[in-house]
Amino acid sequence: TADTHAATKAYADRPAKQVTMMRAGFKGDVATTKYYIPLQAELEQTSYNHETNGFIAPFPGKLLKVMYRASGDLSGSSNSVTFRLEQVPRNAAWGTPAVLETIAVDGPTNNTTDPNMVTANFVGGSGTNAFSAGDTVMVSMEHSAGVAASTTRHFFTLVFEMDYSDLA
């Protein structure tokens with residue numbers, strides 16, 4: 001019928017993969033504890049089993065990059081920030097998330113060239129940054145030195161590539 005043809009044509013005209021961005025932010029002292037970036041408008045948590053730290057991937061995809069900006073100088077004398085893409089597979093019982101990829105970058109600084117922002121590029125790393133449809137996906141961060149204060153604001157933009165080719 002015409003309606004079925006129109007729906008099929010609309011999907012056929014759409015690219016198989018598209019970039020999706022998620023934003024998150026919180027205020028606090030991150031110290032050297034691993035924190036999960038709040039991907040569902042909830043405060044950051046140190047516990048991986050807090051329900052709102054991750055999201056269920058509607059399609060397969062991968063994390064391309066994390067852009068991180070802070071309201072203060074978080075470079076310290078040798079502070080680095082480690083970001084981890086973590087996942088609980090769709091068909092697995094809930095448990096400790098598996099780490100798919102780990103990327104470390106220097107902490108944000110107050111320099112004039114790129115003030116207070118760093119980018120963790122997940123493309124071309126040593127792990128796999130790919131997840132499957134139905135997986136619970138989480139992104140954590142951990143500073144190597146306690147350089148933040150309780151009033152420090154942390155802002156994130158996460159860039160994902162989602163694969164819509166199986167969308168019926």
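This is a predicted model: local features need pLDDT of at least 70, side-chain atom pairs count only at pLDDT 80 or more; totals for chains, interfaces and linings use all residues.

Colleague: Core first. Which residues touch the most other members of the largest nonpolar core?

Modeller: Those are V66, Y68, F83, M141, F156 and F160, out of 33 residues in that core.

Colleague: And which strands each supply at least two residues of this core?

Modeller: β1 (17-27), β4 (61-70), β5 (80-88), β6 (98-106), β7 (117-121), β9 (136-143) and β10 (153-163) each do.

Colleague: Take Y68, then. What is Y68 in contact with, leaving aside neighbours within four places in sequence?

Modeller: The contacts of Y68 include L74, V81, F83, P108, M141, H154 and F156. Ring pairs also put Y68 in a cluster with F26, F83 and F156.

Colleague: OK, on to β4. Which strands does β4 pair with, and in which sense?

Modeller: β10 is one partner, antiparallel, with nine bridges. There, K62 has E161 as its bridge partner. β7 is another, also antiparallel, over five bridges, with K65 opposite N121. Two bridges join β4 to β8 (residues 130-131), again antiparallel, and G61 stands opposite F131 there.

Colleague: What does L63 touch, not counting residues up to four places away in sequence?

Modeller: L85, F122, N129, F131, V139, L158, V159 and F160. For V159, the C-alpha atom is 6.1 Å from that of L63, although the two residues are 96 apart along the chain.

Colleague: N129 is an Asn on that list. Where does N129 lie?

Modeller: In the loop between β7 and β8. At a relative accessible area of 10%, N129 counts as buried.

Colleague: Which backbone oxygens does the side chain of N129 reach?

Modeller: The backbone oxygen of L63 is at 2.5 Å, and that of F122 is at 3.3 Å. Contacts of N129 also include G61, K62, L85, L100, E101 and V123.

Colleague: Switching to H154. How accessible is H154?

Modeller: H154 has 0% relative accessibility, so this residue counts as buried. H154 lies in β10.

Colleague: Which backbone oxygen lies 2.8 Å from a polar atom of the H154 side chain?

Modeller: The one of G28. H154 also touches, among others, A24, G25, F26, V30, Y68 and L74.

Colleague: Last topic, rings. How many aromatic pairs does the count come to?

Modeller: Seven. One of them is F59 with Y164, edge-to-face, at 4.6 Å centre to centre and 80° between the planes. F59 is in the loop between β3 (55-56) and β4, while Y164 is in the segment after β10, so the pair links distant parts of the chain, 105 residues apart. Y164 counts as buried, at 14% relative accessibility.

Colleague: What about F131 and F160?

Modeller: F131 and F160 are also edge-to-face, 6.0 Å centre to centre with 75° between the planes. F131 lies in β8 and F160 in β10, so this pair ties together parts that are 29 residues apart in sequence.

Colleague: F131 and F160: buried or exposed?

Modeller: F131 and F160 are both buried. In general, nonpolar side chains tend to be buried together in soluble globular proteins.

Methods:
Residues are numbered from 1 along each chain as its sequence is written. Side-chain values use heavy atoms; hydrogens and water are left out. A nonpolar core is a set of buried Ala, Val, Leu, Ile, Met, Phe, Trp, Tyr and Cys residues joined through side-chain atoms within 4.5 Å. Buried means under 20% relative accessible area, exposed over 50%, partly exposed in between (1.4 Å probe, protein chains only). Helices (H or I, at least four residues) and strands (E, at least two) are DSSP runs, numbered from the N terminus. Contact means heavy atoms within 4.5 Å. Two strands pair if DSSP finds at least two bridges between them. A polar contact is a pair of N or O atoms within 3.5 Å; within protein, one must be able to donate a hydrogen and the other to accept it, and residues adjacent in sequence count only if both atoms are side-chain atoms. Rings of Phe, Tyr and Trp (its six-membered ring) pair if their centres lie within 6.5 Å; planes under 30 degrees apart count as stacked, over 60 as edge-to-face and the rest as tilted.
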